[in-house]
Amino acid sequence: MESLAFSLSALSESTQFTLPLLVLLGTGLLLMLLDAFQVRTILPWVAGAGLALSAGLSAMSLGTDSRIAFFGMMETGGIAPLIHIFLSLSGLFTLFFLGSYLHRYGRDVYDVYALVIFAVIGMILLANAHDLIMTFIGLETMSMCLYIFAALFKTDTRSNESALKYFLLGSFASGFLLFGIALIYGITGYTNFTMLAQPESVAAIQAQLPVFYVGVALLLTGLLFKVSAFPFHMWTPDVYEGTPTPLAGFMATGSKMASFLALGVIMQELQLDAHTRITTLVALSAVLTMIYGNLVAARQQNIKRMLAYSSIAHSGYVLLGLCASAAGFQAMVFYMFIYTLMNIGAFGLVGMAEAQYPDTQLDAWKGLGQKNPAFAGAMAVFLFSLAGIPPLAGFMSKYQIFLSAIREDLLVLAIIGILASVVGAYYYIRLIVLMFFPGEDQPNALNITLARAPLVGAALLVLLIIVLGVFPALVLDPIQAAFGPQVAVTTAVLP
């Protein structure tokens with residue numbers, strides 16, 4: 001009887017944490033059925049409702065102890081419900097801009113809504129994985145959807161080019177990741193993080209340390225590719241430019257958040273911060289990513305490519321947080337959530353502008369503040385926040401990252417990051433100056449009329465960025481509380 005009671009209790013806990021994922025899965029399948037029966041007008045509403053319901057169910061699990069469940073494959077409780085909420089919100093805010101964008105181009109690809117849901121599922125599996133096999137499954141589930149996003153406009157040459165580059169390079173990166181997993185499994189006989197931390201696994205690693213380093217290097221290669229870190233960044237501007245703009249924003253935020261979390265978990269669980277060589281490699285990649293991304297972004301005349309290169313620079317800031325131990329990991333989670341709000345908003349508004357000026361050159365934005373003050377004002381909020389100007393949320397996110405680095409005595413890295421941010425402020429503010437201070441040779445400014453959904457989405461994102469800049473504890477406190485409880489291992493199972 002006691003055994004039966006324990007099994008029922010474990011199943012109940014497992015169901016509690018899995019229900020939000022099951023809601024997403026059911027939503028994705030329902031969207032496919034509705035599309036098949038050509039009931040298409042409600043697809044965005046169904047997708048949004050599914051993401052909102054899933055986030056709400058995850059909110060009910062906030063404050064629960066972190067547990068390793070499903071035969072050690074997934075983490076539930078602790079930080080996991082909060083990550084689920086953040087990733088669901090990234091998909092939800094993308095939907096505000098996506099439908100209007102596709103309709104204006106006359107390319108109503110209705111199966112894209114199901115793909116957004118399945119991409120979010122992959123991101124959640126990747127971010128909350130406690131086993132290298134689940135890391136790979138989540139990564140590939142997410143990546144398959146992203147490849148299709150890049151190729152969504154099948155008759156567009158740029159879309160085909162971006163999809164081909166992303167698929168080929170992404171496949172190589174996945175191969176590196178899988179080979180790294182195979183080497184680590186060959187050394188220890190395990191892929192589970194709990195088992196890899198056992199004394200016998202540690203002894204096996206110490207006995208074959210060179211092979212372990214090779215395996216970790218391959219793991220890092222696969223994940224650094226997904227986050228556009230130097231030197232695995234070259235695909236980013238071309239892929240973002242050819243991908244439908246709201247989906248490019250989703251690609252630059254949700255997928256990066258999941259990949260960074262997976263990278264952070266691997267570094268902590270495998271105690272890679274104790275290996276000086278590995279930490280040095282990550283720190284070097286962070287420095288080069290920050291410098292390269294900002295310097296090249298400052299030279300861009302196409303706003304979409306500028307945002308792509310700036311996303312590379314932001315990856316460098318997040319890698320800096322990963323070098324700063326546990327406090328840096330918490331700062332990284334906060335940074336990626338705020339970056340998601342800023343970047344989805346910026347890409348969403350650029351997508352609105354593309355209806356009149358497809359090439360999105362910076363000169364086309366001259367005088368926009370006089371002709372479309374509300375649109376230009378919202379864009380200015382996103383750009384100021386990306387630049388790290390107080391009192392917006394972007395400033396607080398960068399402050400947390402640099403503070404965690406300074407507290408870990410990474411002064412040189414922090415100084416380089418701050419100087420790189422100054423360069424970043426230049427190209428963000430340059431666009432704001434063009435919008436509000438165009439000069440005498442002002443061309444015809446964009447005349448943008450926002451549909452209701454993008455208008456609501458932009459307004460919500462602007463409000464969140466302002467509120468979280470003034471009251472960052474609204475997000476920081478739940479993050480810090482989620483990292484507090486100790487991990488309790490259960491044998492919970494679920495179909």
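Which residues form one aromatic cluster? Tyr 147, Tyr 166, Phe 167, Phe 225, Trp 235, Tyr 240 and Phe 347 do. This is a predicted model, in which local features need pLDDT of at least 70 and side-chain atom pairs count only at pLDDT 80 or more, while totals for chains, interfaces and linings use all residues. Residues are numbered from 1 along each chain as its sequence is written, and side-chain values use heavy atoms, with hydrogens and water left out.

**View 1. The whole protein chain.** The chain has 20 helices and three strands; helices (H or I, at least four residues) and strands (E, at least two) are DSSP runs, numbered from the N terminus. Of its 495 residues, 59% are buried. Buried means under 20% relative accessible area, exposed means over 50%, and partly exposed lies in between (1.4 Å probe, protein chains only). The accessible surface is about 19,300 Å², and carbon and sulfur atoms hold 68% of that area. Such areas come from the Shrake-Rupley method with a 1.4 Å probe; for residues, only the protein chains shown count as cover. Among contacts (heavy atoms within 4.5 Å) with a separation of 6 or more, 80% join residues 24 or more positions apart.

**View 2. A stacked pair of phenylalanines.** The structure holds 18 aromatic pairs. The ring centres of Phe 86 and Phe 337 are 4.1 Å apart and the planes meet at 20 degrees, so this pair is stacked. Rings of Phe, Tyr and Trp (its six-membered ring) pair if their centres lie within 6.5 Å; planes under 30 degrees apart count as stacked, over 60 as edge-to-face and the rest as tilted. Phe 86 belongs to helix α3 (residues 80-104) and Phe 337 to helix α14 (residues 325-353), so the pair ties together parts 251 residues apart in sequence. Phe 86 is buried at 5% relative accessibility, and Phe 337 is buried at 6%.

View 3. Lys 304 lies in helix α13 (residues 303-322). Is this lysine buried or exposed? Lys 304 counts as buried, with 4% relative accessibility. Leaving aside residues up to four places away in sequence, Lys 304 touches Tyr 240, Glu 241, Thr 243, Pro 244, Thr 245, Phe 347, Glu 354 and Thr 360. With the side chain of Thr 245, the side chain of Lys 304 makes a polar contact of 3.0 Å. A polar contact is a pair of N or O atoms within 3.5 Å; within protein, one must be able to donate a hydrogen and the other to accept it, and residues adjacent in sequence count only if both atoms are side-chain atoms. Asp 238 is 66 residues from Lys 304 along the chain, and their C-alpha atoms are separated by 9.8 Å.

View 4. The expected span is 1.5 Å times one less than the number of residues. All 16 of the 16 residues of α4 are buried, so this helix is largely enclosed by the rest of the structure. Helix α16 (residues 373-387) has 15 residues and reaches 20 Å, close to the 21 Å expected. In α16, 11 of the 15 residues are buried, including Phe 375, Met 379 and Phe 382. Gly 388 follows α16 and has a positive phi, near 85 degrees.

View 5. Cys 145 is buried at 6% relative accessible area, and Cys 323 is buried at 13%. The count of disulfides (pairs of cysteine sulfur atoms within 2.5 Å) is zero.
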